[in-house]
Amino acid sequence: AVFQEPSSLAQDQAAQALLTQSVEQSGNVIFIADRDGILEYVNAAFETVTGYSREDALGQSVKFLYAESPQNEYRLIRETVLAGQTLQIDTLARKKNGELFHFGQTVSPRRDTDGRVTHLAFIGRDVSERKRAEQESGLLFQLTRIIAEAEDFDSALAISLRTFCEIAGWDYGEVWFLSSDGLRLELGSPYYCMKKELESFRKVNEMFKFAPGIGLPGRVWISG
C-alpha cells in the first residue's frame with residue numbers, strides 16, 4: 001500500500017478542487033467522452049452554448065452534437081484521437097433549439113496509467129461570428145474581382161447578383177433602382193432565378209413601382 005502524508009493529501013485535494021473549479025467556470029465549452037463517444041462530463045459553458053443540460057447530454061453519444069456534420073468528420077475525430085493524436089477542427093453543430101452553429105474545437109486523448117487512450121477531451125468555442133466574417137470578406141473580394149472584370153455595369157450587376165444568391169442558397173433575386181426623379185423604386189433588368197415557377201413572380205413585379213415605405217422594396221429603402 002502507498003500512504004501519503006496528510007499535508008500532501010490535502011494539497012492534492014486542493015489542487016484537484018481548483019482544477020475542477022477552473023474547468024467548470026471556463027468560458028470554453030468543455031466535454032469529455034469515453035472511447036465509444038459516450039459523454040461522461042460537460043461543463044457549464046456547454047450548457048450555455050448548446051442549450052443542452054447535463055441531464056440531456058450525459059450518457060448520450062457525442063455524435064448528437066455533430067448531427068449537421070458529415071459522418072466522416074466525427075469518424076476523423078475519433079480515429080485521430082484514439083490513435084493518440086490531438087486534432088483541431090471546425091464542425092457544424094446544432095443547438096437544442098435547432099439553431100446551427102460553427103464549433104471550433106481541439107480534441108485530445110486522455111490516457112490511463114498504462115498509456116492507453118481511455119477518453120476524448122473536447123475544448124472549443126462557438127466560432128460562428130468568425131466564420132461569418134470570413135465568408136463576408138471572401139464574398140466582398142469575389143464581388144470586387146467580378147466588377148473589375150465585367151464589360152459593363154449591367155453585366156457586373158447580373159454576375160454579382162447570381163454569385164450572392166448562389167452563396168446565400170437563394171432561388172431568386174432581383175434588383176430595384178431609384179427612379180430618375182428619385183421618388184420611387186423601379187425593377188431593374190438583372191435578375192436571378194433557379195425555379196421556373198418563380199418566373200411568374202418576376203412578371204408580376206414588372207408591373208409595380210414602390211414609393212418609400214410601400215411594399216418590401218419600399219420598406220427596405222426607408223430602413224437605410
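Is Glu186 buried, partly exposed or exposed? Glu186 is partly exposed, because its relative accessible area is 28%; buried means under 20%, exposed over 50%, and partly exposed in between, with a 1.4 Å probe and protein chains only. The tour below starts from this residue.

The model is predicted: local features need pLDDT of at least 70, side-chain atom pairs count only at pLDDT 80 or more, and totals for chains, interfaces and linings use all residues. Residues are numbered from 1 along each chain as its sequence is written, and side-chain values use heavy atoms, with hydrogens and water left out.

**Stop 1: Glu186 and Lys209**

Select Glu186 together with Lys209. The two form a salt bridge, with the closest N and O atoms 3.4 Å apart; the term denotes a side-chain nitrogen of Lys or Arg within 4 Å of a carboxyl oxygen of Asp or Glu. Glu186 lies in strand E7 (residues 185–193) and Lys209 in strand E8, so the pair ties together parts that are 23 residues apart in sequence. Helices (H or I, at least four residues) and strands (E, at least two) are DSSP runs, numbered from the N terminus. Lys209 counts as exposed because its relative accessibility is 54%.

**Stop 2: the patch at Met207**

Next, select Val204, Met207 and Phe208. These residues form a nonpolar patch on the surface, and together they have about 310 Å² of accessible area. Patches are made of residues with over 30% relative accessible area and no salt bridge, like charges being joined within 9 Å and nonpolar side chains (Val, Leu, Ile, Met, Phe, Trp, Tyr) within 5 Å. Accessible areas come from the Shrake-Rupley method with a 1.4 Å probe, and for residues only the protein chains shown count as cover. Met207 is placed in the loop between helix H7 (199–205) and strand E8 (209–210). With 66% relative accessibility, Met207 counts as exposed.

**Stop 3: the largest pocket**

Select Glu174, Val175, Trp176, Leu185, Phe201, Asn205, Phe210, Leu216, Pro217, Val220 and Trp221, which line the largest pocket. Strand E6 (172–178), H7 and helix H8 (215–223) are the elements that give two or more residues to this lining. H8 contributes the largest share, four residues. The space in the largest pocket is about 330 Å³. On a 1 Å grid over the protein atoms alone, a pocket is an open set of points with protein on both sides within 12 Å along at least five of seven lines, a cavity is a set of points where a 1.4 Å probe fits but cannot get out, and lining residues have an atom within 4 Å of a point. Grid points are joined across faces, edges and corners, and a volume is the space filled by probe spheres set on the points. The lining comprises nine nonpolar, one polar and one charged residues. In these classes, Ala, Val, Leu, Ile, Met, Phe, Trp, Tyr, Cys and Pro count as nonpolar, Asp, Glu, Lys and Arg as charged, and the others, Gly among them, as polar.

**Stop 4: the second largest pocket**

Move to His102, Ser128, Lys131, Arg132 and Gln135, which lie nearest the centre of the second largest pocket among its 13 lining residues. Its volume is about 250 Å³. Strand E4 (100–111) and helix H5 (128–149) each supply at least two lining residues, and H5 gives the most, with seven. By class, the lining has five nonpolar, three polar and five charged residues. Lys131 also belongs to a salt-bridge network that joins Asp90, Arg130, Lys131 and Glu134 through shared partners.

**Stop 5: the cavity**

Select Val29, Phe31, Phe46, Thr50, Leu65, Ala93, Phe101 and Phe103, the lining of the largest cavity. Its volume is about 40 Å³, and a search of the whole structure finds one cavity of 30 Å³ or more. Strand E1 (29–34), helix H2 (44–50) and E4 each supply at least two lining residues. Seven of the lining residues are nonpolar, one is polar and none is charged.

**Stop 6**

Select Asp56 and Lys96, whose side chains meet in a salt bridge (2.9 Å, N to O). This pair links distant parts of the chain, 40 residues apart: Asp56 is in helix H3 (residues 54–57) and Lys96 in the loop between strand E3 (87–94) and E4. Asp56 counts as partly exposed at 28% relative accessibility, as does Lys96 at 48%.

Finally, select Asp126 and Lys95, which meet in a salt bridge (3.9 Å, N to O). Asp126 is in strand E5 (residues 117–126) and Lys95 in the loop between E3 and E4, 31 residues apart. Asp126 is partly exposed, with a relative accessible area of 34%, whereas Lys95 is buried, at 13%.
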